[in-house]
Amino acid sequence: MPFSLSGNFKACERSKLRNFEKHLGIILSENQTQLQQHLMIRRSLQNLSGSVSVLSGLSRQELLSFIFILTQFGDITRTETPPEYLQLESIPYVIEWSKGHYMIPLEILEHLAHERIFKDQGYLFALIPALPIKEKKSWIRWIGVDFEKGGDRDLNFEIYFQCRVLQKPFLGKSLVQESEIRLEQIWPRGKNEYIDWFYKGLSTFYYAMEEMSRKEKDPFLLHVIELIKSGKFILKKLPDTYGKETSYSLVGTVEGNTPQLRETTFQWEVERLRKDSLF
């Protein structure tokens with residue numbers, strides 16, 4: 001899992017930060033507070049012409065390498081990555097924070113999440129922030145994480161981190177081949193009390209899923225529920241139609257359709273699973 005540069009830039013090799021700083025027109029210093037660094041990075045990203053123009057300046061192999069890191073939840077190691085996806089040195093959004101360890105910092109992922117292209121293509125990191133806060137809190141409780149600290153931004157990344165862990169055993173596979181499914185195709189209205197609570201606005205979707213995960217007997221539906229829990233499919237509210245009830249679909253995520261290759265577990269990741277996140 002990548003981490004924020006703000007407050008942690010000293011964890012990165014200084015020489016490897018130069019391309020990132022040059023691109024943003026900033027210099028990170030230990031004399032700055034974490035908040036100052038965060039605001040500096042965010043403002044610089046906002047003042048740039050947009051990520052699309054940055055990415056359009058990459059070579060084809062660099063672009064493929066960048067997309068590959070996105071599919072791997074934002075970080076990779078050199079030894080576990082196919083050679084064709086290692087054209088990384090000139091990509092300003094990618095940092096080799098330690099020798100052979102590359103990441104897209106959380107500040108960059110947060111910035112890219114606002115870009116329509118990543119939402120439209122179904123990237124999980126861009127779709128999680130679009131969920132209502134009540135849904136995200138229900139989802140993290142279902143996952144089993146006692147998440148109390150921080151705000152909405154921290155919750156987005158906590159869900160994102162946990163989904164990587166949950167998706168790993170799937171190897172990028174599932175029994176569902178569709179990229180998007182109308183929710184009522186799977187659970188029609190009036191057929192299941194738990195999902196009907198959601199349709200009627202009496203509960204959140206992820207709370208209904210948690211309850212159904214305990215009660216459902218059908219193996220295929222249990223599989224679908226596990227796909228939802230791990231973020232391989234995510235809830236999407238469809239545009240309202242006059243005179244009709246609100247409809248929803250389940251959208252397959254790019255990360256969920258890609259095998260997660262990293263086997264390396266960093267010490268800070270182990271520690272953050274035991275207590276509050278270090279990053």
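Author: In this predicted model, a residue is called buried if its relative accessible area is under 20%, exposed if over 50%, and partly exposed in between.

Reader: Why is F68 called buried?

Author: F68 has 9% relative accessibility, and the limit for buried is under 20%, so F68 counts as buried.

Reader: Why is the aromatic pair of F68 and Y85 called stacked?

Author: Rings pair if their centres lie within 6.5 Å, and planes under 30 degrees apart count as stacked; for F68 and Y85 the centres are 4.5 Å apart and the planes 5° apart, so by this definition the pair is stacked. F68 belongs to helix α4 (residues 60-71), while Y85 lies in the loop between β1 (75-77) and β2 (95-98), so that the pair links parts of the chain 17 residues apart.

Reader: What makes the pair of F198 and Y199 tilted?

Author: The ring centres of F198 and Y199 lie 6.0 Å apart, with 40° between the planes; since planes under 30 degrees apart would count as stacked and those over 60 as edge-to-face, the rest are tilted, and the pair of F198 and Y199 is therefore placed there. F198 is buried at 6% relative accessibility, and Y199 is buried at 14%. Both residues belong to one aromatic cluster, which also includes W139, W142, F205, Y206 and Y248, and R189 lies over the face of Y199, at 4.3 Å from the ring centre.

Reader: How do you know that β6 is largely enclosed by the rest of the structure?

Author: Five of the five residues of β6 are buried, so the strand is largely enclosed. Both faces are covered, with Y248, L250 and G252 buried on one side and S249 and V251 buried on the other.

Reader: Why are β4 and β5 called edge strands?

Author: The open sheet has the order β4-β6-β5 with antiparallel pairing, and β4 (180-182) and β5 (233-237) each pair on one side only. Two strands pair if at least two bridges are found between them; β4 is joined to β6 (residues 248-252) by three bridges, and β5 pairs with β6 over five bridges, so both pairings meet the definition.

Conventions. Residues numbered from 1 in each chain as written. Predicted model: local features only at pLDDT ≥ 70, side-chain atom pairs only at ≥ 80, totals over all residues. Heavy atoms only, no water. Helix = DSSP H or I, 4+ residues; strand = E, 2+ residues; numbered from the N terminus. Buried < 20%, exposed > 50% of the residue type's maximum accessible area, 1.4 Å probe, protein only. Lys NZ or Arg CZ within 6 Å of the ring centre and 35° of its normal.
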